[in-house]
Amino acid sequence: PNHTLAVQKPNNQYEVTGIGKTNLIAKNNAINAANQTCDSKAAPVVVDEKTTYQGVLKDLVDEETGKMVQAASGVIGIFTGKSTDLSRDDDYQTTLTFYCKAQ
């Protein structure tokens, strides 16, 4: 799955997590989960947002270096004709804390 179900927290707040291959995809997946939590008559109001890089190289290098390694492996793949993609569908994780506000 690309996102979690909502967890209810105190003060009528919820928490959802979205994952994705890119920062933007993870955020969009988390927003979609928040929208599904609030019914069609309400909209999510974000109280807190946290995005973290969870990539395969996260324990060895920082996010920017990981991106450069990924790009270099893609170039090598072009020359060798073999897939060298190091990215995964869960490289980024966005966690939103929100509440639903009637529209």
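Leaving aside neighbours within four places in sequence, which residues is T97 in contact with? They are K9, Q13, Y14, E15, V45, V46, V47 and D48. The model is predicted. T97 sits in strand β4, which covers residues 92–102.

- Four strands form an open sheet in the order β1-β2-β4-β3, with antiparallel pairing.
- β1 (7–9) and β3 are the edge strands, since each pairs on one side only.
- Neighbouring strands of this sheet are turned by 30 degrees against each other on average, direction ignored.
- Strands of a sheet pair through backbone hydrogen bonds, either parallel or antiparallel.

**Strand by strand**
- β1 and β2 pair in the antiparallel sense over three bridges.
- In that pairing, V7 has E15 of β2 as its bridge partner.
- β2 spans residues 13–20 and pairs with β4 over seven bridges, again antiparallel.
- I19 has Q93 of β4 as its bridge partner.
- β3 spans residues 42–53 and pairs with β4 over 11 bridges, in the antiparallel sense.
- Opposite E49 stands L96 in β4.

- Is T97 buried or exposed? T97 counts as buried because its relative accessibility is 8%, and the cut-off for buried is under 20%.
- The contacts of T97 include Q13, Y14 and E15, and β2 covers residues 13–20.
- V45, V46, V47 and D48 are also among the contacts of T97, and β3 covers residues 42–53.
- In a regular strand, side chains alternate between the two faces of the sheet.

**The helix and the core**
- Helix α1 lies across β2, β3 and β4.
- α1 runs at about 145 degrees to β2.
- The largest nonpolar core has eight residues: V16, A30, A33, A34, C38, A42, L96 and F98.
- α1 (23–37) and β4 each supply at least two residues of this core.
- The largest share, three residues, comes from α1.
- C38 belongs to this core. Leaving aside neighbours within four places in sequence, C38 is in contact with A43, P44, F98 and C100.
- In soluble globular proteins, nonpolar side chains tend to be buried together.

**A loop residue**
- Where is K21 placed? K21 is in the loop between β2 and α1.
- K21 counts as partly exposed because its relative accessibility is 34%.
- K21 and G55 are 34 residues apart in sequence. In space they are 8.8 Å apart, C-alpha to C-alpha.

Note on methods: Residues numbered from 1 in each chain as written. Predicted model: local features only at pLDDT ≥ 70, side-chain atom pairs only at ≥ 80, totals over all residues. Heavy atoms only, no water. Buried < 20%, exposed > 50% of the residue type's maximum accessible area, 1.4 Å probe, protein only. Contact = heavy atoms within 4.5 Å. Core = buried A, V, L, I, M, F, W, Y, C linked by side-chain atoms within 4.5 Å. Pairing = 2+ DSSP bridges. Axes fitted to C-alpha atoms, helices over the stretch in contact; angles between N-to-C directions.
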